[in-house]
Structures are given as C-alpha cells and as structure tokens.
Amino acid sequence: MKSVLFVLIIGCLCIILRPVAAQQLYKDPSAPVDDRVRDLLNRMTPEEKIGQLCFPMGWEMYVKTDERVVEPSALFRERMLTAPPGGFWATLRADPWTEKTLKTGLNPALAARALNGLQKYAVENSRLDIPFFFAEETMHGHMAIGTTVFPTGLGQGSTWNPALIRRAAEAIALETRLQGAHIGYGPVLDLARELRWSRVEETFGEDPVLTARLGVSFVQGMQGEDAGSGRHVYSTLKHFAAYGIPSGGHNGGAASIGLRELFSDHLMPFGKAVAAGAKTLMTSYNSIDGIPATAHRLLLRDTLRDGWGFDGFVFSDLGSIEGLASVHRTAPDVKHAAVMALQAGVDADLGGRAYGGNLKQALEEGLVSMEEIDRAVAAILRMKFEMGLFENPLVDPVEASRHVGSEAHGMLAREVARQGTVLLKNDGGVLPLSKETGSIAVIGPNADNIYNQLGDYTAPQERSRVVTVLDGIRKAVSPRTVVRYARGCAVRDTTRSDLEEAVRVARLSDVVVLVVGGSSARDFRTEYLGTGAATVASSGEVMLPDMESGEGYDRYSLDLTGDQERLLDALAATGKPLIAVYIQGRPLDMQAASERADALLTAWYPGQEGGHAVADILFGDYNPAGRLPVSVPRSAGRLPAYYSLGRPADYVEGSSLPLYAFGYGLSYTRFAYDDLSVETGADGVRISCTVANRGDRDGDEVVQLYVRDRVSSVVTPPIQLKDFRRITLRKGEAECVEFVLTLDDLALFDREWRRVTEPGEFSVMIGASSDDIRLKGVFRIDER
C-alpha cells in the first residue's frame with residue numbers, strides 16, 4: 001500500500017512540475033541551444049526583444065565610490081526599469097571622451113567587480129534573468145586601464161607574421177574576458193588605400209591577402225576554440241565595407257567603387273574571416289555607390305548571411321543608423337532609418353537610441369514585423385547561450401589582477417613591436433650602433449612622449465608602464481655612454497620650438513637619433529562628435545595639440561607638421577650621423593628624411609614597449625625584418641599609390657613611383673633567392689624556391705609570392721600578392737620555401753558575374769618586395 005501511495009505521489013508531482021520544467025527550458029544548459037532560444041523568445045514582450053537589440057554606452061553605468069568599491073549607477077538602475085538592453089558598449093573605456101582617468105577609471109580587479117555588479121543586477125532584477133553582453137574596443141589591446149598596449153594595426157601588419165598576431169590576439173582576448181567583457185571590437189579589415197584618411201593606423205595595410213591572413217589569425221586568437229572557455233571573446237570585424245577609401249580622405253566619406261573591385265579586394269578579408277568563424281561584424285559610416293553600408297541589403301543579407309553563411313550578429317557603428325536620415329538622407333527620419341537598417345540585416349544598434357526609441361512604434365505601424373525583430377534577437381541570444389552566460393555570468397577579479405597587463409603580455413607586445421618596425425635606409429651600415437658609443441643625442445617630439453607612440457583607442461597609462469625611445473636607448477647603452485635629450489619642437493605647435501637647443505645637443509654628441517612623425521593622442525582639450533570621433537583643433541588655439549591622426553583627423557597633405565621638417569634640416573646640417581625614426585599613424589612624407597638621414601626607420605605606433613623595440617634594432621639586439629604593409633608615396637599628390645595599380649606613367653613634375661614600395665624593408669643581413677620550381681596539378685599550382693642567408697647575422701626574411709593573370713576577360717591587377725612566408729635563417733643557412741595556390745586563389749569575377757578561374761597563362765614573381773622581384777616564372781591553367 002505504501003509503495004502504491006509513493007507512486008501516486010511521484011506521478012502527481014511530475015504532473016505539477018511539468019509546466020515549471022517547461023518554463024525553465026531556456027535555463028536548462030542540457031537543452032539544445034536552438035530550443036533554448038525559441039523558448040526564451042516566446043516568453044519575451046516586444047519591449048524586451050527590442051531591448052536586446054540595443055547596446056548603449058556603458059561608462060556611465062557604474063559609480064566608483066572609492067578605490068575599492070564600485071556599484072551600479074542611478075542611470076543604470078533607471079535604464080533597467082525602463083528598457084533593459086542586450087548589452088553595453090565601452091563600459092570600461094577610459095579616455096578624454098568618457099572623462100575616465102587613472103583616478104576616476106577602474107583598475108582590472110575593480111573593472112571585473114563593476115561588470116559583475118551590473119551583471120548580477122540584471123540577472124536578479126529583470127523579469128527573465130537575461131545576462132548582458134559587454135562589448136569593448138580591442139584593436140591593439142583592451143581600451144581599459146591597466147591593460148597591455150600592443151602596436152596599432154599598421155605595426156601588426158608590418159610583422160607579416162600571422163602566428164604572432166594570433167598570440168597577441170589571444171592575450172588581448174584574455175585580458176578583456178577576465179574583466180567581464182564578451183565581445184572585442186577588432187580586427188579592422190578595411191584596406192588603407194586613401195592615406196589621408198584618419199584611421200589608416202587601425203588597418204593591416206593596403207592589400208587584401210595580407211589583411212585577410214592577419215585578420216583570420218586575429219579572429220582565431222580572439223575567439224579560440226570554445227566560446228565558453230572564459231579566456232576568449234567574440235571578435236567583431238570592422239568596418240563593413242570599403243571604409244578605407246573615402247572620397248577626399250574624409251572619414252566616412254563615400255566610396256566610389258565598382259562591384260568587381262569591391263568584391264575582389266575590399267570584401268575578401270571579411271569573407272575569409274567569416275569562413276574562419278568570426279561571430280560579429282560592424283557596419284561602416286560610408287555609402288557605397290550611393291547605398292549606405294548600414295542599410296546595404298546586398299552586403300548584409302545576400303552576401304554576408306546567404307552567400308558566406310555568417311551565423312553571428314551585426315552591429316551598427318555608433319550613430320550610423322541615425323546617419324541614414326541625417327547624413328545620407330535615404331530615410332525621412334530615424335524611425336524609418338531604424339526599419340531600413342533592421343531589414344537590411346543590422347541586428348544590434350550601437351548606442352541603442354535608433355532601435356530603442358523607434359522600433360516599437362514601427363512595429364505598431366506595420367513598418368516592421370515581429371518576425372524580423374525575432375530574427376535579430378535570436379542571433380544575439382544564441383551567442384549568449386553558446387558562451388554559457390546564463391550559467392556563468394560572473395568572472396573572478398583575482399584572475400583579472402593576475403593576468404591583465406602581465407609581464408608576459410608586455411614581452412609579447414615588445415616582440416610585435418620589434419617584428420613590426422621597418423628599416424627603410426641604412427647607408428654605409430651606420431646601424432647597428434655600438435652600445436659603447438661615447439654620446440648619443442636623442443631629439444624630437446616623439447622621442448619621449450608616451451601617448452604619441454600608443455595610437456588612437458588607448459586608455460590613460462601609468463608613466464612607468466610605457467617605454468619611450470629615450471627610455472629604451474638609456475636602458476640599452478653602456479653606463480659610460482652619455483645620452484642627451486632635447487625635444488626640439490612639438491608635432492604641430494610652433495610656439496615653443498627650440499631648434500637651437502636641439503642643434504647644441506646634437507653638436508655635443510657622436511650620433512643623433514631623431515624621433516619625429518605624428519600623433520593620435522587625445523587630450524582633455526579635444527572636442528568630440530557624437531560618434532566619438534575627434535574634431536580638429538583650431539589653429540587659433542594658444543598651443544596646438546600634437547594630434548594629427550586618429551579618428552576624425554583627416555589630412556589634405558602628408559607633410560610633417562609644425563617645425564619638424566626644419567628640425568630635420570638643422571640636425572642634418574650638423575654633419576653628425578643622423579638616424580631618423582618615424583612614429584606615425586599613416587605613411588607621412590619621408591622624402592627629406594630619405595635624402596638627409598643616414599638611416600631611416602618607421603615604427604608606426606609601436607605600443608607600450610615601443611622604446612625597447614626601437615632600441616633593440618638600433619643596437620643590433622634584434623635584426624629588423626618588418627616589411628611595409630602600405631606603399632609610402634613621395635607626396636600626397638601621388639595618391640593613390642597602392643602597389644597593385646602597377647606602374648603608372650610619370651607625372652610632369654617627377655616619378656609616379658612610391659618612395660618605398662609595398663613589402664619593402666631592409667635587414668642587417670643579405671638573402672639570396674634561387675631554384676624556382678612551378679608545378680601545375682589538378683587542384684592548383686605548387687611553387688617553391690630556395691632562400692639562403694648570405695650575410696653574417698641570423699635574421700628573418702619575408703618571402704613574397706606575386707601573380708599576374710596575363711590575359712583575362714576583365715581587367716586584373718598587373719601584380720597581386722597571393723601568399724607569403726616569414727622565415728628565420730641562421731647565417732649561412734638555406735631553406736626551401738613552398739607555396740600552394742588553389743584554383744580559387746586565381747579566380748576572378750567574369751563579365752557574367754561568375755567567380756571562375758579562367759584558363760590561360762599566369763606570371764609568377766617571387767621577391768623581397770613588390771618592386772624587388774628575384775625570381776620569375778610562368779604556369780598555365782588549362783580549360784576545365
């Protein structure tokens with residue numbers, strides 16, 4: 001009787017609890033993700049769904065009460081009562097725009113506690129306990145206090161080393177995730193083919209193949225193999241698409257480009273990164289042949305999702321949905337702009353105002369359907385489930401303290417900076433310098449300015465964490481070497497120049513190291529647009545800031561600004577051995593330096609370890625092997641200058657060739673190329689050669705493979721990079737380097753818009769740069 005009663009009780013409990021179990025399906029980690037998404041969607045109100053599509057700015061969501069306590073702000077609590085968002089953007093961002101300083105911002109442990117507090121509040125105080133996504137800027141390090149600052153995109157591009165870039169991205173992802181964030185904005189896959197543009201520094205350069213290879217490695221490092229590992233974040237590809245060729249160099253300017261070039265060049269890196277598993281993507285501010293990128297259904301739906309099989313979600317850029325109405329005028333108001341963006345394929349509104357303030361009304365008016373909203377919400381929820389946020393929304397602040405900004409990550413940043421510094425000239429073997437040199441003058445506006453070497457999207461830094469060129473030289477030389485310093489002038493301002501003092505210091509010294517270039521350093525005098533782009537400072541200010549690059553700082557020339565050219569001339573006139581180091585965010589005019597300096601290097605923005613990296617090369621502790629990811633023009637009048645245009649006719653005033661070509665870079669040793677072999681098979685072409693180190697130092701060489709389609713149905717580049725290898729050879733050592741080109745590597749879009757590999761002959765060119773071809777051959781693809 002007791003057993004019968006027990007069975008009846010259990011049966012009744014099962015009946016009673018069945019609805020409870022069903023209600024909790026989306027919280028069941030053993031249930032299929034699609035079922036969890038469907039279950040949660042069915043329980044959400046229209047307001048809750050629209051909230052998931054909004055990612056407002058997050059830095060006002062916390063209050064730091066003292067050095068150990070941080071809690072949700074009143075603004076955050078109010079937001080949670082009215083419309084809980086899907087996540088927040090840049091919650092940990094610190095810079096003049098956010099007005100977060102070393103004092104008012106958060107160290108890594110406090111940052112982890114802050115995001116834990118916000119996440120805990122969301123889970124405990126919202127109706128459905130949906131955790132947030134926190135998205136952060138991570139192009140060359142997490143843009144937060146206490147993190148590791150790596151070289152910017154051009155410096156990473158100059159390494160030509162995908163494996164190293166993957167390691168750097170792994171470190172960036174770890175530092176970001178341990179502080180509680182889940183999405184990292186980067187890599188930037190725009191091709192930098194308009195060098196006046198303010199955001200050249202963020203890119204990997206001008207070439208689609210190099211950008212694709214490095215971009216894929218960056219994505220793989222950021223995302224890892226397991227989204228729920230607690231060590232990786234979702235990678236956001238930026239900016240889709242053709243953002244790097246704005247008309248006139250103006251940030252966000254129209255891209256006047258045909259579909260064939262768009263798909264062949266500018267979309268190719270994005271396609272490769274999506275194939276590698278990239279989970280989020282951001283649209284760009286520009287229009288493409290009259291269609292705004294943020295409302296471009298051909299790109300966002302037909303190509304990205306239907307063509308490439310993208311299964312993540314798409315962000316707008318900050319304010320780019322509103323820009324459909326205010327800038328592009330393709331929508332009468334923001335409500336219609338929101339509908340246009342959502343229907344084109346934009347899932348998440350960065351800033352949250354366009355969707356949050358308009359989609360509910362648009363839904364009620366029949367302008368958008370619940371099915372369209374559900375599609376976007378499902379994409380976001382699916383990734384939250386896949387990362388395990390419903391089960392593990394919090395992080396350990398102790399782990400953040402232990403790993404963020406670690407010594408190991410600093411050493412990795414130093415290695416990226418070393419491999420990304422390019423030696424452009426070395427007359428008479430003036431480099432490397434002896435560490436026993438009697439005296440060295442270190443001069444210039446970028447010789448001892450920490451922020452000028454870090455680039456845009458960088459948080460405030462403790463002085464002790466950044467090594468300037470002056471610091472690096474002082475640490476590298478013998479105690480007996482006298483190191484003298486003079487600033488000489490600022491990057492832009494001329495009111496406090498002291499060239500006479502710089503010349504005096506140079507004359508007292510045996511060697512002069514001049515550090516010039518540009519700056520993307522924002523300060524608290526900088527004014528900003530609503531998008532976060534800086535506005536250009538007026539020349540009427542008492543003292544101009546150094547900033548001449550970085551988002552919003554477009555140029556109409558590439559000249560050195562301020563008195564830097566005069567400083568270069570004055571120091572060259574002393575007759576002292578002159579080594580010029582450019583720290584810069586775009587290829588500035590180096591014509592004078594190439595003529596007057598004995599040695600010339602570009603370190604781009606080399607990050608926190610830049611001074612160590614430059615000193616390592618100056619004194620021979622590291623043999624330079626960086627190669628240019630962009631062509632360096634002789635002047636802005638020679639733009640565009642990217643190498644795949646071939647060699648145009650000369651101008652009336654002089655050569656049309658760049659000063660330094662794509663792929664160029666010197667070493668302290670010599671490499672010889674030999675034994676070209678080309679074999680064509682059913683699946684593609686196998687190409688190999690032997691590279692030997694004929695010098696007296698160990699070193700790296702970047703072996704570059706270029707191809708020309710000799711006759712094609714549509715115009716193709718006269719020279720196009722197809723593959724490359726960075727190899728290390730000891731002195732006297734040789735290595736066989738092999739490349740395999742697939743038929744798809746040789747494909748084009750024909751006149752009927754089919755992607756095909758046409759039969760015919762192809763030229764093979766292997767060399768040390770695009771204008772230093774050492775081996776040539778031919779192969780033929782037969783009709784198939």
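1. Which residues in α20 meet which residues in α21? L499, A502, V503 and A506 in α20 meet R566, L567, A570 and L571 in α21, where contact means heavy atoms within 4.5 Å. The residues of this contact divide into seven nonpolar, no polar and one charged; here Ala, Val, Leu, Ile, Met, Phe, Trp, Tyr, Cys and Pro count as nonpolar, Asp, Glu, Lys and Arg as charged, and the others, Gly among them, as polar.

2. A word on the basis of these points: this is a predicted model, in which local features need pLDDT of at least 70 and side-chain atom pairs count only at pLDDT 80 or more, while totals for chains, interfaces and linings use all residues. Residues are numbered from 1 along each chain as its sequence is written, and side-chain values use heavy atoms, with hydrogens and water left out. Helices (H or I, at least four residues) and strands (E, at least two) are DSSP runs, numbered from the N terminus.

3. Two packed helices are described by the angle between their axes and the distance between the axes. The axes of α20 (residues 499-507) and α21 (residues 564-572) come within 10 Å and cross at roughly 30°; axes are lines fitted to C-alpha atoms, for helices over the stretch in contact, and angles run from 0 to 180 degrees between N-to-C directions. α20 and α21 are therefore roughly parallel to each other, since angles under 35 degrees count as roughly parallel, over 145 as roughly antiparallel, 65 to 115 as roughly perpendicular and the rest as oblique. The crossing of α20 and α21 is right-handed (left-handed if the near helix is turned anticlockwise from the far one by less than a right angle, right-handed if clockwise).

4. Helix α21 also lies across the strands β14, β16 (511-517) and β17 (578-583), and runs at about 170° to β16. These strands belong to an open sheet of six, in the order β13-β18-β17-β16-β14-β15, whose pairing is mixed; two strands pair if DSSP finds at least two bridges between them. At the edges stand β13 (422-426) and β15 (482-486), each with a single partner strand, so one side of each is left without a neighbour in the sheet. Neighbouring strands of this sheet are turned by 15° against each other on average, direction ignored. Within the sheet, β14 (residues 439-443) and β15 pair in the parallel sense over five bridges, and the bridge partner of I443 in β15 is A486.

5. Another open sheet is formed by four strands in the order β22-β21-β26-β27, with antiparallel pairing. Its edge strands, β22 (720-729) and β27 (772-781), each pair on one side only, and neighbouring strands are turned by 20° against each other on average, direction ignored. Nine bridges join β26 (residues 760-769) to β27, the two running antiparallel, and S763 stands opposite V778 in β27.

6. A further helix pair is α7 (residues 162-178) with α8 (residues 208-223), whose axes come within 7 Å and cross at roughly 35°, in a right-handed crossing. Among the residues that meet are P162, I165 and R166 in α7, and R213, L214 and S217 in α8. The residues of this contact divide into eight nonpolar, three polar and three charged.

7. A pair of aromatic rings is described by the distance of the centres and the angle of the planes. Rings of Phe, Tyr and Trp (its six-membered ring) pair if their centres lie within 6.5 Å, and planes under 30 degrees apart count as stacked, over 60 as edge-to-face and the rest as tilted; by this rule the count comes to 30 aromatic pairs. One of them, F240 with F270, is edge-to-face, at 5.1 Å centre to centre and 70° between the planes. This pair links distant parts of the chain, with F240 in strand β7 (residues 234-240) and F270 in helix α10 (residues 268-275), 30 residues apart.

8. Some points of the backbone deserve a check. Most residues other than glycine have a negative phi, and most peptide bonds are trans. A cis peptide bond joins G186 and P187, with omega about 10°, and P187 is placed in strand β6 (residues 183-188).
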